[in-house]
Structure formats: C-alpha cells, structure tokens
Amino acid sequence: MANAGIQLLGFTLAFLGFIGSIASTIMVEWKASSYAGDNIITAQAMYEGLWKSCVSQSTGQVQCKVYNSLLQLPGIVLGTRGLMMASIIFSLISILVDVVGMRCTTCMAEQPEQKDKVALAGGVLFIIAGLLALVGASWYGHRIAQEFYNPFTPTNSRYEFGSALYVGWGAACLTMIGGGFLCCNCSGGGSGKAPRYPASSSSGQPGRDYV
C-alpha cells in the first residue's frame, strides 16, 4: 500500500491542527493591549480571550476574571466561541473516522475500497473543521483591526492581535492541509492491485488430439 505514508502524514498534520485549535480556544491572549500612541500606561498589560480576561502587572502578578454573564458578552465572542467549538467537534469526529479508514489500521481490512471512502470522508470533515477555525480566528482578528483603526476608539482601549490568534490560524492551516492529503489519497479503481487476466491458452488445452 504505497499511499499509507501519505495518509499517515495527513492524519498527523490534521491531529496537530486539532491540538492547536484546542490550545487556541483555551488561551486568553486573543487580543492584547496596544502600546501605540502617547500617554500609554505600560505598568500593566491587559489580555482578553473567549472565556476570561486577564491583567498582568509589571511585578509579574496576573489577575484573571472569568466572564460571568453569557448574555452580556459581545456577539463576536459568542460567535467565535461557537466556531472554534464546532471546529474541535468536527476534528474529533474526523479522528474517529480516519482511525477506521486509514490503511495502516486493521479495521475493514477486507474492504480496501470502503476504507478509502471512509478516509475520504474523514479528510472532508477535517477540511470543514479547518475552515471553521479559520473563519473564527479571522473574524475575531478583523474586529480587532477595525476597532484599532477606528478614530473614535480611545487610545488606552485599543488592542492588537494576541498569540492565540496566530495559534488559531496555524492550527486551521494544518488541519486543512492534513485533510487535503487524506482526500487526495483516495485511490481510483483498483487500490493499486495488478489486473487479473484469464489463463493463457499457450500452455496447452487438454482433450484435443491432432493427427
């Protein structure tokens, strides 16, 4: 099975993207306080994530506050939460599907064509998961840039891209690339097996005598 290595590579990349999506969703540094402009207080740094906000003092002390009310959260936070959670769920389902469909596993070993179809379905789910994470991170980043360049936003209230955004973008790319490898690996027609031909008649046919 020559393409088992490509399947394993795609699954590894997609799994790393799955781990990155979880890390990005948990991280609090989705946006960090900006130090651009005059009269900026640098004694503390403020971070906001999807689940809580934190303030880091110059002394090294960090204080975090979990968002108490769900209904009072901005729509961008709720929407990004939903997209990232959906991406994680789709990736988890894809992992379970590809464990069955990959050629390096023994599940459905007697049905190679069906295994390829299952692996293809898992790859498509990985691509969807990557797109969801990419849309969520890009939407949140667009809102940060929009508020940063808004002239009515106070200088002390401006934020820049946090490290969680870059992790989310990287994870989305890895997930889609891995899903693409799993989709491109779908064999066409014979799973690489040589065709079988009927036995040649040159070996002699019994029952015929010539005088």
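Biologist: What does the accessible surface of the protein come to, and how much of it belongs to carbon and sulfur atoms?
Modeller: About 12,500 Å², with 64% belonging to carbon and sulfur atoms. Bear in mind that this is a predicted model.

Biologist: How many helices and strands does the protein have?
Modeller: Four helices and five strands. From the N terminus the order is α-β-β-β-β-α-α-β-α.

Biologist: And what share of the residues is buried?
Modeller: 33% of the 211 residues.

Biologist: What about contacts between residues at least 6 apart in sequence?
Modeller: Of those, 67% join residues at least 24 apart.

Biologist: Which helices supply it?
Modeller: Helix 1 (4-26) and helix 4 (163-184), with at least two residues each.

Biologist: New topic: lysine 115. Is it buried or exposed?
Modeller: Lysine 115 is buried, and its place is in helix 3 (residues 112-148).

Biologist: Which side chain of opposite charge is nearest to lysine 115?
Modeller: Aspartate 116, 7.6 Å away. Lysine 115 has no salt bridge.

Biologist: Then what does the side chain of lysine 115 reach?
Modeller: The backbone oxygen of methionine 102, at 2.8 Å.

Biologist: What else is lysine 115 in contact with, leaving aside neighbours within four places in sequence?
Modeller: Besides Met102, its contacts include Val100, Gly101, Arg103, Thr105 and Cys107. Met108 and Ala109 are also among them.

Definitions and conventions. Residues are numbered from 1 along each chain as its sequence is written. This is a predicted model: local features need pLDDT of at least 70, side-chain atom pairs count only at pLDDT 80 or more; totals for chains, interfaces and linings use all residues. Side-chain values use heavy atoms; hydrogens and water are left out. Buried means under 20% relative accessible area, exposed over 50%, partly exposed in between (1.4 Å probe, protein chains only). Contact means heavy atoms within 4.5 Å. Accessible areas come from the Shrake-Rupley method with a 1.4 Å probe; for residues, only the protein chains shown count as cover. Lys and Arg count as positive and Asp and Glu as negative; His and the chain ends are not counted. A salt bridge is a side-chain nitrogen of Lys or Arg within 4 Å of a carboxyl oxygen of Asp or Glu. A polar contact is a pair of N or O atoms within 3.5 Å; within protein, one must be able to donate a hydrogen and the other to accept it, and residues adjacent in sequence count only if both atoms are side-chain atoms.
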